[in-house]
Amino acid sequence: MLLAAAGAGAVVIALTRPSGGGGSANATAATSAGTPAAGGHASASPTGPAHRHHGAASGHADTDSSLVNAALHRSSFVTAGIPRHRVMALTFDDGPGPYTPAIVRTLVRTNTPATFFIVGQSLTDFSSALESELRHGFDIGDHTENHAWLIHLDESGQLAQIRDAASRLERLGAPAPRLFRPPYGAFDTTTLALLHRMRMFMVLWSIDPGDWRRPGAGAIVSGVLSHAQPGAVVILHDAGGDRSQTVAALPAIINGLRRRHYDLVTVPRLLALDPPPRHQQAPHLSGV
Ligand SMILES: [Zn+2]
């Protein structure tokens, strides 16, 4: 993935579709100026384990929420954090789906925290996988109800996409999601205004091994490890197609990062440890 600053106050986002098709999106978005934070109180241990066996609603959800609140004082989104601690965040999009249980098993077996960005409509058939994610304490974010191109929707359409997925998550016992990832990385000023109103933080990414293109498990592993750096956010996909290569790659990704002495953390913890820059410009993301 290429990452470059766009012109003042605006960005162009061009990402290929994670699931089928080869289109790209162009969007403009205002730069987030961020507001001065009250203080760096959002500290956390970089070595926390996966929040296993606690249930997402039993305590750490409140902590995560306060970490997101602190991040919102700095910015409205993250692509990668300032490299203060040697941490990285693994994120999984488009699920839950048929491959999600295998992903969860690997994460649990290796005691690896992670963040899942959920497509609301997938919960019709795979709500048990969400329940497993919650039971094991993984962090859950909103990835719209129908994996929508938000930039083609008006404000009410965008709101419905974000809110409907959030409502489904809450009905299934998840905490109200505070993290949001726009499908295709495509967002505009309307998206940012809605997220601001909903007190939600937008999570982009800095490492994209293109697992959804199925380049081979080895290529997915090297696509992550060769770009590893403190503060990085990795995008992977647990659904939206055949994800057997992602399943196969995950143990080597985790082992490889740990051999390089990275602590793997959820997105809220990454935001606390390696926070986004205060005055970052919205990025130009370019896939393929
Ligand atoms: Zn997606």
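**Reading labels off a predicted model**

Trainee: Leaving aside neighbours within four places in sequence, which residues is Pro 215 in contact with?

Mentor: Pro 215 is in contact with Gly 210 and Ile 220. Keep in mind that this is a predicted model.

Trainee: What makes Gly 210 and Ile 220 count as contacts of Pro 215?

Mentor: The cut-off is 7 Å between C-beta atoms placed from the backbone. Gly 210 and Ile 220 are listed as contacts of Pro 215, so their C-beta atoms lie within 7 Å of that of Pro 215.

Trainee: Why is Pro 215 called partly exposed?

Mentor: Pro 215 has 15 other C-beta atoms within 10 Å. A residue is buried at 20 or more and exposed at 12 or fewer, so a count of 15 puts Pro 215 in between.

Trainee: Where is Pro 215 placed?

Mentor: Pro 215 is in the loop between strand E7 (201-203) and helix H6 (217-225). Arg 214 lies in that loop between E7 and H6 as well.

Trainee: Why does Arg 214 count as partly exposed?

Mentor: Arg 214 has 15 C-beta neighbours inside 10 Å. That count is between 12 and 20, so the label is partly exposed.

Trainee: Why is Pro 182 called buried?

Mentor: Pro 182 has 31 C-beta neighbours inside 10 Å; buried needs 20 or more, so the label applies. Pro 182 sits in the loop between strand E6 (179-180) and helix H5 (189-197). Its contacts beyond four places in sequence include Leu 150 and Met 202.

Trainee: What joins Gly 95 and Pro 96?

Mentor: A cis peptide bond, with omega about 0°. Most peptide bonds are trans. Pro 96 is in the loop between strand E3 (87-95) and helix H2 (100-109).

Trainee: What share of the protein chain counts as buried?

Mentor: Of its 288 residues, 52% count as buried. The largest nonpolar core has 72 residues, and Val 203 is one of those with the most contacts inside it.

Terms used. Residues numbered from 1 in each chain as written. Predicted model: local features only at pLDDT ≥ 70, side-chain atom pairs only at ≥ 80, totals over all residues. Core = buried A, V, L, I, M, F, W, Y, C linked by C-beta atoms within 7 Å. Helix = DSSP H or I, 4+ residues; strand = E, 2+ residues; numbered from the N terminus. Contact = placed C-beta atoms within 7 Å.
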